[in-house]
Amino acid sequence: MTKVIKELNKWKAIRKSDVFLNKTVGLVPTMGALHDAHLALIKKSIQQNDITVVTIFVNPTQFNNQKDFKNYPITIKEDLSKLKKLNVDFLLNPSYEDIYPDNYEYKVVESNLSKILCGKFRPGHFDGVLTVVLKLLNLVKPDRAYFGEKDYQQLKLIEGLVKAFFIDTKIVSLPTVRTKEGLALSSRNLRLSEEQKIKAVEFPKSLASSLSNDKIKSLLRKKGFKVEYIEQIDNRRFGAVYLGNVRFIDNVKI
Ligand code: AMP
């Protein structure tokens, strides 16, 4: 049975209780609108741990664009039925007030990797991500926490956070889950029209091609994308683009 907990005081009491005694704990942080990629992370956690905790919290401090925050899809009823089907132990669905008793006066700031790629175009985004992840790790105290490679820069920053602050949690990552056409699953895809969904496939396809970054940019622009960046670091190509007002990020190993 999936236990739904909204109040952090209640959660803290349960976390201290015998329910967790000698049990391994897996944490899967999400912003909800759950799709198959979230479910893959959750299934991995269920496989590897005695207790799995999923969090759904649309974290306002990681949105640099208020409109994007307001438009972020919320499908909590459907999410809960997916979690129940998998028999997830706990869904933690806290309020802003509970997560930010300090009203975000304290934050985690990384000064290197968080300033490039998405960090350059979304000032403050990774401060919000790292701060909320630190809070969730402290609240749940998991043995393992699960993140997707779709958000590769985020994954690397979280690995760095855990190392920098001596957090006793193993970060487990899973490869990007895609539609059969190649589009990375994302909650924001819910906001695409059918026509946009078909066009969107050009983005991962071009990232994986042998074209240069500049060629990819001009190709995508010609097809109606607004391009934020296409960049290669080591053997991985990263990109962020818009179709209409929907932003996509992706990365592929090349
Ligand atoms: P979100 O709800 O978008 O914050 O994502 C929650 C977790 O799911 C993060 O660790 C994401 O990296 C991961 N995730 C989202 N979409 C995908 C995907 N298509 N493939 C793999 N992981 C994903």
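The following questions and answers set values from a predicted model against the definitions behind them.

In this predicted model, local features need pLDDT of at least 70 and side-chain atom pairs count only at pLDDT 80 or more, while totals for chains, interfaces and linings use all residues. Residues are numbered from 1 along each chain as its sequence is written, and side-chain values use heavy atoms, with hydrogens and water left out.

Q: What makes the pair Asn251 and Arg236 a polar contact?
A: A polar contact is a pair of N or O atoms within 3.5 Å; within protein, one must be able to donate a hydrogen and the other to accept it, and residues adjacent in sequence count only if both atoms are side-chain atoms. The side chains of Asn251 and Arg236 are joined at 2.7 Å, so the pair is within the limit. A polar atom of the Asn251 side chain also lies 3.2 Å from the backbone oxygen of Lys150.

Q: Which residues is Asn251 in contact with, leaving aside its neighbours within four places in sequence?
A: Contact means heavy atoms within 4.5 Å. The residues include Glu149, Tyr152, Arg178, Leu207 and Phe238.

Q: How do you know that S8 and S9 pair?
A: Strands (E, at least two residues) and helices (H or I, at least four) are DSSP runs, numbered from the N terminus. Two strands pair if DSSP finds at least two bridges between them. Strand S8 (residues 236–243) is joined to S9 by 8 bridges, so the two strands pair. They run antiparallel, and Arg236 stands opposite Lys253 in S9.

Q: Why is one side of S7 and of S9 left without a neighbour in the sheet?
A: The open sheet has 3 strands in the order S7-S8-S9. Strand S7 (226–233) and strand S9 (246–253) each have a single partner strand, so they stand at the edges.

Q: What makes S2 largely enclosed by the rest of the structure?
A: 6 of the 6 residues of S2 are buried, so the strand is largely enclosed. Val25, Leu27 and Pro29 point one way, and Gly26, Val28 and Thr30 the other.

Q: Which polar atoms lie 2.8 Å from a nitrogen atom of the ligand?
A: One is a polar backbone atom of Val177, and another is a backbone N or O atom of Leu185. An N or O atom in the side chain of His38 is 2.9 Å from an oxygen atom of the ligand.

Q: How much of the ligand does the protein bury?
A: Accessible areas come from the Shrake-Rupley method with a 1.4 Å probe; for residues, only the protein chains shown count as cover. Taken alone the ligand exposes 480 Å², and the protein buries 92% of that.

Key: Buried means under 20% relative accessible area, exposed over 50%, partly exposed in between (1.4 Å probe, protein chains only).
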